[in-house]
Amino acid sequence: MFCPVCGRALTPPPRAKVPYPMHVCSADGVVYDERRAQWYGLPEVGESLHCPGCGAAMEGEPKEPPTRIFFCYQCGTTYDKGRGTWYGVAYHAPGTP
């Protein structure tokens with residue numbers, strides 16, 4: 001998992017079998033709760049975003065502001081800014097089949 005703000009790799013949970021596995025970005029403080037599939041500490045999304053699946057910069061649509069959809073051309077992860085919903089992230093989460 002990668003931080004959607006800066007693209008750095010998130011620190012994984014300390015053990016494989018913790019009750020609430022959390023992935024943390026040490027630079028931005030963003031947390032991904034694997035059990036609930038929920039992001040915490042994610043600031044208001046502006047005009048740039050990184051893919052939490054591969055860390056690549058995501059492309060925004062439409063090109064002129066306001067950007068409503070972000071799409072990663074590397075792995076297909078999508079973020080709908082209007083709904084505040086990620087699509088395709090569960091595939092990248094550790095422990096998913």
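The side chain of Lys63 forms a salt bridge with that of Glu59, at an N to O distance of 3.3 Å, where a salt bridge is a side-chain nitrogen of Lys or Arg within 4 Å of a carboxyl oxygen of Asp or Glu. Lys63 also meets the side chain of Glu61 in a salt bridge, here with 3.6 Å from N to O. Through these shared partners, the salt bridges join Glu59, Glu61 and Lys63 into one network.

Lys63 counts as exposed, at 56% relative accessibility, whereas Glu59 is partly exposed at 36% and Glu61 is partly exposed at 34%. In these terms, buried means under 20% relative accessible area, exposed means over 50%, and partly exposed lies in between (1.4 Å probe, protein chains only).

## The pair Asp33 and Arg36

A salt bridge also links Arg36 with Asp33, their closest N and O atoms lying 2.8 Å apart. Asp33 is buried, with a relative accessible area of 0%, while Arg36 counts as partly exposed at 46% relative accessibility.

## Count and basis

By the salt-bridge rule, the count comes to 3.

The model is predicted, so that local features need pLDDT of at least 70 and side-chain atom pairs count only at pLDDT 80 or more, although totals for chains, interfaces and linings use all residues. Residues are numbered from 1 along each chain as its sequence is written, and side-chain values use heavy atoms, with hydrogens and water left out.
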